[in-house]
Amino acid sequence: MVKHQPLQVYEKQLFVSFVTGIYGCRWKRYQRSQDDSSKWECTWFGLLCSSFFLLLFWSYFWLVAQNDSNEFNWSVYNRSGEWRDETIPILASTTVGISYITFLMILACFHISLGQQLNLYWVHKIGLLATLITTISGVISVDDIWGDEWDIVLVSLQSTAPFLHIGALAVVTAISWLVAGYVVRRERSNFQVVVLLIYVLILLALYLAPLTFTCPCIMDRHSLRPRPEIIGRRGAPMLAPENTMVSFNRALQQGAGSLEADVTVSVDGVPFLMRDRTMRRTTDVSKVFPARQHNDASLFNWTEIRSLNAGQWFLERDPYWTVDTLTAKDRSRIGNQTVCSLLELLRLAARANSSVLLNINRLPPAHPRHRSWFMDTLWAVQKAGISQKRVTWTPDTDRGRVRQLQQSACEKLSVEEMRRRGITSLTLHYSKASHKDIQEYLANNVSLTVYAVNEPWLYSILWCSGVPSVSSDAPQVLRKVPYPIWLMGQNAYRFIWITSDLLSLAIVLVIFSFQKWRMSGIQSYNPEQIMLNAVGQRPSRDVNTMKEKLIFSELNNGLSSTEELSLYPENDYARYSHGGLSR
């Protein structure tokens, strides 16, 4: 007598194999499981989520921090003594890291959605730990070198918050499919209640988040103030060497209405333009005066300073990746640049009918001109023939001795303090000037200049806030911003906000209802119904799963004999084997 062995018939599940294979190297069906994930694997999933959100924040930070990339490189240079673009390896590694972790997160979500057990492959565990440790190390390093830059995240939210809100709302709404599938399961536990409560709180927080937003560009377009004047900060340093004549000319060509420069005074009393304490970065002092290359720039006389080349470094290092755009004539001019004197800058501004903002570097106490630096500067202003009303300098010291010139304070002051000290002009970093402060200064007729503004999104925020002037390293970029990058009325934004919240709530309710109906349908099956219905129709995936469990149960109980199989008519058995068994 021939014994018939019942066999399982598997449907091809290419997508499931792809997901479980890449995530956990479980390519074969017998390697997979729909049991609950172990606590150890849940811990790895928690690390994956933590890495994802940390990298998301890290990527966003560097996206908005591109406004100050030059400041970051300068901070690193002051520590290491070597100038190079440190943002390139950071951006490259961040792009690789966020792409890898996001891919793993998507695979993990598919595991949960398909009911598969999480089992992260050991290679991915090593990659996850390496990415997490690298990111944490980067955060610690930036906090040490560039700690003040974290403020840009809060500043950027004035521009990005409405869009991030809609994106976050879409993601959390989509996650409701996974949450609902877990919460409405037949097996009940306290953890399910905790998951549901956390999800509801997150959803509620997102629905109400716009109440906390401060977005200057949500305003009546008729209240928009005139376009802020652009001040060329050290000229146009992305197009030519900073603080040189060709750089200032480029800034004027790119629409800058004023110029800003850093001023120090030589040993023999000649004011000249230099940002750094030494001249190693922006001149060839290491070749001409190798023994004195680390000396303070102010300890050289004007003849020695004038003998240095101040343009060749720009062509060799290409700090802003712009040298390839220069013509042969431009390269020749840049290569022959020398250190610029204050007198040359002021004469250029006088011819162009422009204003000048001077940042005066205080001299060391042992410097011969320590007590007369302001007289040397005043002499250059008078000799240049420029109107003294067009010259503003910082810091706001020696006010009693320099009455004719405009002076600006570099620190954030209250209106009362400014009135007491007779100050009418402020020059502040963008992180120190909140929207509320700007409105208060404007209401009290305070002239406000904000620096350093290099990206269109930041320029748009300050434009909507009413700032009259900004100082920029990139006038060629801001020139292409004829209008704020986005501007929306309050009523229009309220409509978008409320509509998106209601739409999200409706989708979440529909998903929870559908998942409950779906699970209740699966739970209504029993083995007898499956056996009776198998003859008449092709079973679903869930019915197939229950039939497989029934077959294995029969085999374990020793019910696979020929006599038991012969209970079914031959034709019926043949049809049943086509759906779930094989002869």
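1. Leaving aside its neighbours within four places in sequence, which residues is Ser37 in contact with? They are Cys42, Gln117 and Leu118, where contact means heavy atoms within 4.5 Å. Ser37 belongs to the loop between α1 (14-24) and α2 (39-64), helices here being DSSP runs of H or I of at least four residues, numbered from the N terminus. The C-alpha atoms of Ser37 and Gln116 are separated by 8.4 Å, although these residues are 79 apart along the chain.

2. On the basis of the model: it is predicted, so that local features need pLDDT of at least 70 and side-chain atom pairs count only at pLDDT 80 or more, whereas totals for chains, interfaces and linings use all residues. Residues are numbered from 1 along each chain as its sequence is written, and side-chain values use heavy atoms, with hydrogens and water left out.

3. The whole structure holds 26 aromatic pairs, for which rings of Phe, Tyr and Trp (its six-membered ring) must have centres within 6.5 Å, with planes under 30 degrees apart counted as stacked, over 60 as edge-to-face and the rest as tilted. Phe52 and Phe53 form an edge-to-face pair, 5.5 Å centre to centre with 70° between the planes. Phe52 is buried at 16% relative accessibility, while Phe53 is exposed at 56%; buried means under 20% relative accessible area, exposed over 50%, and partly exposed in between (1.4 Å probe, protein chains only).

4. Tyr459 and Trp463 form a tilted pair, at 5.9 Å centre to centre and 55° between the planes, and both lie in helix α17 (residues 456-465), four residues apart, about one turn of the helix. Tyr459 is buried at 0% relative accessibility, as is Trp463 at 5%.

5. Asp501, in helix α19 (residues 490-523), is buried yet has no salt bridge, and the nearest side chain of opposite charge, Arg494, is 12 Å away. A salt bridge would require a side-chain nitrogen of Lys or Arg within 4 Å of a carboxyl oxygen of Asp or Glu; Lys and Arg count as positive and Asp and Glu as negative, while His and the chain ends are not counted.

Notes: Helix = DSSP H or I, 4+ residues; strand = E, 2+ residues; numbered from the N terminus.
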